[in-house]
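These entries record what I looked up in the structure, chain by chain.

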Amino acid sequence: MTSHAPVKDDGGGGQFTILYFASAGSYTAKQVETLPAPLPLSKLFATLEARYEGIGASVLDHSLVTVNLTYVEMPGDDESEAVIIQDGDEVAIIPPVSSG
Amino acid sequence: MASPQDGLRQETDELTSPGCYVALTHAHLDAQAIMDRVRSPAAGAIVLFAGTTRDNFAGKAVKELQYTAYNKLALRTMMEIAQAVRAKHGLEGIAMIHRLGVVPIAEESILIAVSSPHRQAAWRAGEEALEDCKARVEVWKREEFEGDHGVWRANRDGIMGQKVDDA
């Protein structure tokens with residue numbers, strides 16, 4: 001999602017940061033971690049499900065996702081891998097908010 | 001007042017633009033301070049909303065509440081709301097601050113102050129700003145119940161959130 005070219009990476013070996021807020025953090029028992037990049041956005045939920053079994057139904061199905069502070073649509077299974085999470089990106093799982 | 005405020009400033013994240021102020025803080029909220037942010041000789045009214053933490057959810061006793069935020073995104077969203085509400089209602093100023101961390105029962109968790117030449121616009125703008133915040137700002141509330149697990153609340157449906165075992 002970054003507009004600039006990766007500085008040091010030529011397609012492998014990078015990593016992105018993923019932030020787990022509220023129920024996402026409770027489920028993973030962590031607030032932040034790094035995962036390998038690049039990763040197609042369409043593979044994000046499957047990647048998380050493989051690491052945290054059941055997180056899809058419990059958390060992700062009700063959550064939104066941001067990449068670098070911008071909300072993104074999660075691609076369907078049959079859609080292209082046009083959106084790629086890049087080295088250095090900041091991804092966040094945003095469960096339903098409850099300010100006030 | 002000078003030295004305590006210096007201390008508080010360090011635990012506060014804020015954004016400003018003309019006529020708009022938004023902030024997140026771990027400090028106690030100060031109604032006078034947030035009103036002073038929107039005070040203007042051109043204003044005939046300041047409306048202040050103070051949201052306070054309730055001691056129960058649907059009759060179930062709440063021990064305490066804890067708020068967390070995606071600070072960078074929450075401030076950006078709060079600023080978007082502030083600018084939109086200010087423009088729509090012709091406000092002189094709008095200021096919104098949300099408290100984070102543990103907020104004891106009956107204390108303020110959010111303050112919204114708006115000023116306008118006439119009171120009608122201020123009433124409407126204050127309500128709209130609050131509702132937009134509750135719908136959109138990336139802040140989460142966890143309610144800790146007496147003798148039970150905590151739950152993450154969701155504003156959009158008002159139902160019980162997900163139980164958490166790490167309380």
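**Entry 1. Chain A, overall.** I looked up burial in chain A: of its 100 residues, 34% are buried. I note at the outset that the model is predicted. I then turned to the contacts of chain A with a separation of 6 or more, and 67% of them join residues 24 or more positions apart. The secondary structure of chain A comprises 3 helices and 7 strands. Read from the N terminus, the order of elements is β-α-β-β-α-α-β-β-β-β.

**Entry 2. The sheet of chain A.** I asked which order the strands of the open sheet in chain A take. The sheet has 5 strands in the order 2-1-7-4-5, and the pairing is mixed. Its edges are strand 2 (32-37) and strand 5 (70-72) of chain A; each has a single partner strand, so one side of each lacks a neighbour in the sheet. Neighbouring strands of this sheet are turned against each other by 30 degrees on average, with direction ignored.

Strand 5 of chain A runs antiparallel to strand 4 (residues 64-67) of chain A, and 3 bridges join the two. Within this pair, Val67(A) has Thr70(A) of strand 5 as its bridge partner. As background, I recorded that strands of a sheet pair through backbone hydrogen bonds, in either a parallel or an antiparallel manner.

**Entry 3. Chain B, overall.** I repeated the survey for chain B. I counted 4 helices and 11 strands in this chain. Buried residues amount to 39% of the 167 residues of chain B. Among contacts in chain B with a separation of 6 or more, 67% are between residues 24 or more positions apart.

Entry 4. I consulted the UniProt record, an unreviewed entry, which lists His118(B), Arg119(B), Lys134(B), Lys141(B), Arg142(B) and Glu143(B) under "binding site". These positions span 26 residues of sequence and are also spread in space, with up to 38.0 Å between C-alpha atoms.

I examined two of the listed residues individually. His118(B) is located in the loop between strand 8 and helix 4 of chain B, whereas Arg119(B) belongs to helix 4 of chain B. Is His118(B) buried or exposed? His118(B) has 11 other C-beta atoms within 10 Å, and the cut-off for exposed is 12 or fewer, so this residue counts as exposed. Arg119(B) has 13 other C-beta atoms within 10 Å and is therefore partly exposed.

Lastly, I looked up contacts, leaving aside neighbours within four places in sequence. On that basis His118(B) is in contact with Gly44(B) and Ala45(B). For Arg119(B), the contacts are likewise Gly44(B) and Ala45(B).

Methods:
Residues are numbered from 1 along each chain as its sequence is written. Chains are lettered from A and ligands numbered from 1 in the order in which they are written. This is a predicted model: local features need pLDDT of at least 70, side-chain atom pairs count only at pLDDT 80 or more; totals for chains, interfaces and linings use all residues. A residue is buried if 20 or more other C-beta atoms lie within 10 Å of its own, exposed if 12 or fewer, and partly exposed in between; C-beta atoms are placed from the backbone. Two residues are in contact if their C-beta atoms, placed from the backbone, lie within 7 Å. UniProt positions are given in the numbering used here, feature names are shortened, and annotations may be inferred rather than shown by experiment. Two strands pair if DSSP finds at least two bridges between them. Axes are lines fitted to C-alpha atoms, for helices over the stretch in contact, and angles run from 0 to 180 degrees between N-to-C directions.
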